[in-house]
Amino acid sequence: MLDIVVVRRDPDRVRRSAKRRGLDPSFVDEILRLDSEYRSALAGLENAKAEKNLVSGRIGKAADKAAAARDAKPQLDALAAQIAHHEALAKALSPESSDSPLRELLDGTPNLLDDSVPDGSDEDANVIVRTWGTPRAFDFSPKPHWEIGEELGVLDFERAAKLSGSRFTVLRGMGARLTRALAQFFLDRAAARGYVEISPPYLVSRETMWSTGQLSKFSDAMFQDSGADLFMIPTAEVPLTALHGKEILAGDDLPRKYAAYSPCFRKEAGAAGKDTRGLIRQHQFEKVELVWLTRPEDSFASLERLANDAETLLQELELPYRVAALCAGDTGFNAAKTYDLEVWLPAQQAYREISSCSNCTDFQARRASIRFRRDASGKPELVHTLNGSGLAIGRTLVAILENYQEADGSVRVPAVLQPYLGGTGRITGA
RNA sequence: GGAGAGGUGGCAGAGCGGUUGAAUGCGGCGGUCUUGAAAACCGCUGAACCUUUGCGGGUUCCGUGGGUUCGAAUCCCACCCUCUCCUCCA
């Protein structure tokens, strides 16, 4: 959620950002109009209440309270009617009311883009910031991961479809073990870099989901239990970011760095026909997520460090990748700035997203109310939140299968993972 | 799922329906004292929003939402959550 004060004071900045995202900026004027209407309604309400409080207070101090109450009755009745009138008006306009038009507009307004975000409407305009590693030269034709996996017996798409339908995978033998090894490896590295490991709930309340900005009104991306009103997390970013919601942290406690392994559940409703083969796009996948809570002035420097933490994992796995600065049109609702890490997939002859690292500035912190105090006498301020995958486990498995495949159909195990697999250096079957 | 207890400020813990945004203690901040520190003593110490150039003024908040009343932390109703016991269960 944007700061309404920023919209009031610097509407041009909001318009500019919205335009860069490809939105019609006229909603800004609508917000300004509704906001000023709301505030005048609020002033009317508060004045009437102040007067009523004054009269009531006088009754409380009178010697004969009953008589005083009787005398004041006509005046108080009139005030009560006034208050009721203003109250209805203010409530209908208030950004706090879940069905007010102002709230709807604010809810639908994405974060302000950072000036460093490149212009552009879609991923073709993303800017490659750096590239690491050299794609391996194969002396045979590299197979896609689903072929490798099925032939080795580590991936089973048919049985997954039997159990659950499309976009699910059964991992078998070394496939399952490698997945577990990756989770362990990522978490160990995160711990070494100062992240506190969290094992969060995988189901969260509507309020939690809303507070981190995942629950935009038109989003049907999530699985949910409508009875209990719980949502299956689409990423551990949700519980990790909301962990300190409605809290005021001590300034000394920042930055806070958290890492969590979790399954992630996504409907992928808008992706029909995309990545239908293999485990690139699944309804259920695993991920280690990294989240930072920082002081406002530190968040952009922290984004570089967060991205670097994720990159290090790819370097240790010796997987070639590149880093893309997402353009305005490709940057998500919550983010002021995002880097995508894209890993090389030889079968596709393409770099594919394996991590997304974003600085959400105060956008999520405002909704979730995550604040800190600079010093004991200071006022609470909103923290900045950042999140990034470190890394997506399924896609890392894809990258390993494809990049480490051999002509005989076997797959070598990256050196850093071997200790997690009892020293196994090569996968020759499940 | 059944029974009971409870939800008040950073924490602990009071609170006859009327200057109670809330006693008291702890913690925190500032000061006195001290070579320094501790102790002791004194003072200050919740949040959001509206308004004001500023000083300030106002409204709201004691789990949430309703209700009674001129007036509610205090009375009534519903809901949520936590804890204890039982039941069940990985």
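**Sheets, cysteines and the RNA surface**

Visitor: Hi! Which residue of E16 stands opposite Ser358?

Guide: Asn387 in E16 stands opposite Ser358. Strands here are DSSP runs of E with at least two residues, helices are runs of H or I with at least four, and both are numbered from the N terminus.

Visitor: And what am I looking at overall?

Guide: This is a predicted model, in which local features need pLDDT of at least 70, side-chain atom pairs count only at pLDDT 80 or more, and totals for chains, interfaces and linings use all residues. Residues are numbered from 1 along each chain as its sequence is written, chains are lettered from A and ligands numbered from 1 in the order in which they are written, and side-chain values use heavy atoms, with hydrogens and water left out.

Visitor: Thanks. How many bridges join E13 to E16?

Guide: Strand E13 (residues 350-359) and strand E16 (residues 384-392) run antiparallel and are joined by 3 bridges. Two strands count as paired if DSSP finds at least two bridges between them.

Visitor: Which way does E10 run against E16, parallel or antiparallel?

Guide: Antiparallel: strand E10 (residues 284-294) pairs with E16 over 7 bridges. Within that pairing, Leu290 has Gly388 of E16 as its bridge partner.

Visitor: What is the strand order of the sheet they belong to?

Guide: The order is E1-E11-E12-E13-E16-E10-E9-E4, an open sheet of 8 strands with mixed pairing. At its edges are strand E1 (127-132) and strand E4 (196-198), each pairing on one side only. Neighbouring strands are turned by 25° against each other on average, direction ignored; the axes are lines fitted to C-alpha atoms, and angles run from 0 to 180 degrees between N-to-C directions.

Visitor: How many residues of E16 are buried?

Guide: 9 of its 9 residues are buried, so E16 is mostly covered. Buried means under 20% relative accessible area, exposed means over 50%, and partly exposed lies in between, using a 1.4 Å probe and protein chains only.

Visitor: What about the sheet with E8, E14 and E15?

Guide: That open sheet has 3 strands in the order E8-E14-E15, with mixed pairing. Strand E8 (247-250) and strand E15 (380-382) are its edges, and the twist averages 40° from one strand to the next. Strand E14 (residues 370-373) pairs with E15 in the antiparallel sense over 3 bridges, and Phe372 stands opposite Glu381 in E15.

Visitor: How many are charged?

Guide: 9 are charged, alongside 6 nonpolar and 3 polar residues. Ala, Val, Leu, Ile, Met, Phe, Trp, Tyr, Cys and Pro count as nonpolar, Asp, Glu, Lys and Arg as charged, and the others, Gly among them, as polar.

Visitor: Which parts of the RNA do they meet?

Guide: Of the RNA strand B atoms within 4 Å of the protein, 69% belong to sugar or phosphate and the rest to bases. An N or O atom in the side chain of Arg39 is 2.9 Å from a phosphate oxygen of RNA strand B. For Arg373, the distance from a side-chain N or O atom to a phosphate oxygen is 3.1 Å. Ser56 has a polar side-chain atom 3.0 Å from a sugar or linking oxygen of the RNA.

Visitor: Last topic, cysteines. How many disulfides are there in the whole structure?

Guide: A search of the whole structure finds 0 disulfides, a disulfide being a pair of cysteine sulfur atoms within 2.5 Å. For Cys264, the nearest cysteine sulfur, that of Cys357, is 14 Å away.

Visitor: Is Cys327 buried or exposed?

Guide: Cys327 is buried, with a relative accessible area of 0%. Cys264 also counts as buried, because its relative accessibility is 0%.

Note on methods. A residue is near a molecule or strand if one of its heavy atoms lies within 4 Å of it. A polar contact is a pair of N or O atoms within 3.5 Å; within protein, one must be able to donate a hydrogen and the other to accept it, and residues adjacent in sequence count only if both atoms are side-chain atoms.
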